[in-house]
Amino acid sequence: MRSIATQIMLTVVLVFMTQAQCYAIPDIPKEKIPEDLAPEVKKQIELLYSQSPAERKNAAVRLGDMGAKAVPAIPYLAAMLGDEASVIIRADDTILGSTSPSREAMIALSKIGRPSAGPLAAALKAKSITVRRNAAEALGMIRENGVVDALVGALKDEDAEVRYKAVMSLEEIRDARVLEPLSKLLKDRKSKIQLAVLRALETIIYSQKDPRSTDYLIAASQSKEPVIRRMAVKALEGKSDNRAVDILIDALLDEDSTVRINAAAALGAVNDERIIEPLISALGDGDRNVRDSAAKTLLRTGAPAVKGLILALKDDDISIRQAAARILGEINDTRAVVPLIESLKDESWAVRAEAAKALGNTSDSHAVEPLIDSLKDKNAHVRGNATKALERIGGPGVERLIFMLKDGDIHVRSATAIILGSIKDSRAVVPLIEALRDESWVVRSEAAKALGKIKDPRAIEPLRDAMNDRDNYVRDIAAGAYESIRSQ
């Protein structure tokens, strides 16, 4: 035989007016209360019929405190979910707040637990808004999966507060089956509900820890709602299931940019060479954040991605070639040196600039000659990165750089002086002293600066002579360099 708790259906609550105060009693006739109930339970059920809201409220509280012992009281408590009579809560003469018999009945039912779930689910169809609200809230406290369908139905309730409480309860139950129904409320007219749905979706998706969670997340990643796909893809990070990897790879082509961003980031936890080519393709995505996310994952992948990135240096897409050069420079793998040197001749100045910068990170002496050639590049960004790269490579490039102080290009000679000053190699002192007599004031000033950085005493007299240079700027720089050497 089914228990009373599973048979009870909420009926009309009778409201009476006595001494100008509103109160409600359970619709079950008082004389029908079973005589064989535990005395303490029977006593409190009888008090639910009191004309005093405070007594009804206190009776509900005591029944809730009894827990499972109060199961026979479920029909009576459920019938009180619409009892809105206000009860002031006091401590001595201080008012602490207010409650109602309906509120305490709802809490009591949640404390009794699972046996209350059926009656509360039925109460979601009551005519009384208060009853429906209290029932929706109590079900979240019980967290019984068997009431999910009833709560999903409540998501369509005409009352916004019922919908809101149903969302909150479904968040507590965390059943992945509700993702689609919940997502429909993202367009609810109440912003409060929209925000609650977002929180609920996030909680449910990220709480999927059991072995079936990958199935739920894969299903969610195919949702029509972008917000669900975003969260599902993000939650798939770290899943070793091959199906999850395939889903993440496919998600790199999703129409929603945030899904693509999350997919690229999630693939960072995957140790599978299948991800490299799709991630490289994502370097050409129209959304900068997607490109950045893919680049970070490729960098995190490291050495296994080098081969694919080298091939990407020949891609038709400039943005992919540029990103590939940048990532290779950060990975700093010797296999990339020669391909990066070749990229110094790329038709795009952006690619050439990234290649120059990347070669500086490698500090490979094989890059010296090509980088020196890049000092003649027509683009200032390329020349600047080549200069910095040669500074980083340092000593291995000194001899070749000294020779370039005689180059016919003013830009090359001045950049060379800058580089030699940064390297601070004594082999460059005499050539730099000679450069103090260069026909270009730019080269002469840079030579003076470089000698001031190297601080070799051999430069003192030449710098003093340069203090008489025909150019004011050169004279000032020479004076500063002279003093820096004398004061050391």
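What does the chain average in pLDDT, and what share of the residues score at least 70?

The chain averages a pLDDT of 90, and 94% of the residues score at least 70; pLDDT is the predictor's confidence in each residue, from 0 to 100. This is a predicted model, in which local features need pLDDT of at least 70 and side-chain atom pairs count only at pLDDT 80 or more, while totals for chains, interfaces and linings use all residues. Residues are numbered from 1 along each chain as its sequence is written, and side-chain values use heavy atoms, with hydrogens and water left out.

**Exercise 1. Find where confidence is lowest and where it is highest.**

Step 1. Strand S1 (residues 14–18) has the lowest confidence, at a mean of 29, and helix H20 (residues 337–343) the highest, at 97. Helices (H or I, at least four residues) and strands (E, at least two) are DSSP runs, numbered from the N terminus.

Step 2. Over residues 1–23, pLDDT stays under 50; the model has 39 contacts beyond four places in sequence for this stretch. Contact means heavy atoms within 4.5 Å.

Step 3. Where pLDDT is low, the predicted coordinates should not be read in detail.

**Exercise 2. Check the span of helix H11 (residues 191–206) and locate its buried residues.**

Step 1. With 16 residues at 1.5 Å a residue, H11 should span 22 Å; the expected span is 1.5 Å times one less than the number of residues. The end C-alpha atoms are 23 Å apart, which agrees.

Step 2. Ile193, Ala196, Val197, Ala200, Leu201, Ile204 and Ile205 are buried in H11. Buried means under 20% relative accessible area, exposed over 50%, and partly exposed in between (1.4 Å probe, protein chains only).

Step 3. Seen down the axis, the buried residues of H11 fall within an arc of 155°, so they line one face of the helix. The arc is that of the directions from the helix axis to the C-beta atoms.

Step 4. These buried residues pack against helices H9 (160–173), H10 (179–183), H12 (213–220) and H13 (226–235).

**Exercise 3. Describe the surroundings of Arg321.**

Step 1. Arg321 lies in helix H19 (residues 318–331) and is buried, with a relative accessible area of 5%.

Step 2. A polar atom of the Arg321 side chain lies 2.8 Å from the backbone oxygen of Asp315.

Step 3. Not counting residues up to four places away in sequence, Arg321 touches several residues, including Asp316, Asp346, Glu347 and Val351.

**Exercise 4. Examine the salt bridges of the structure.**

Step 1. The whole structure has 39 salt bridges, each a side-chain nitrogen of Lys or Arg within 4 Å of a carboxyl oxygen of Asp or Glu.

Step 2. Glu144 and Arg114 form one of them (2.7 Å, N to O). Glu144 lies in the loop between helices H7 (129–142) and H8 (148–154) and Arg114 in the loop between helices H5 (101–112) and H6 (117–123), so the pair ties together parts that are 30 residues apart in sequence. Glu144 is buried, at 17% relative accessibility, whereas Arg114 is exposed, at 61%.

Step 3. Arg177 and Asp175 also meet in a salt bridge (2.6 Å, N to O). Arg177 is exposed, at 54%, and Asp175 is buried, at 7%.

Step 4. In the salt bridge of Arg400 with Glu369, the closest N and O atoms are 2.5 Å apart. This pair links distant parts of the chain, with Arg400 in helix H24 (residues 398–404) and Glu369 in helix H22 (residues 368–374), 31 residues apart.

Step 5. A network of salt bridges links Arg103, Glu137, Glu161, Lys165 and Lys192.

Notes: Polar contact = N/O pair within 3.5 Å; in protein donor to acceptor, adjacent residues only side chain to side chain.
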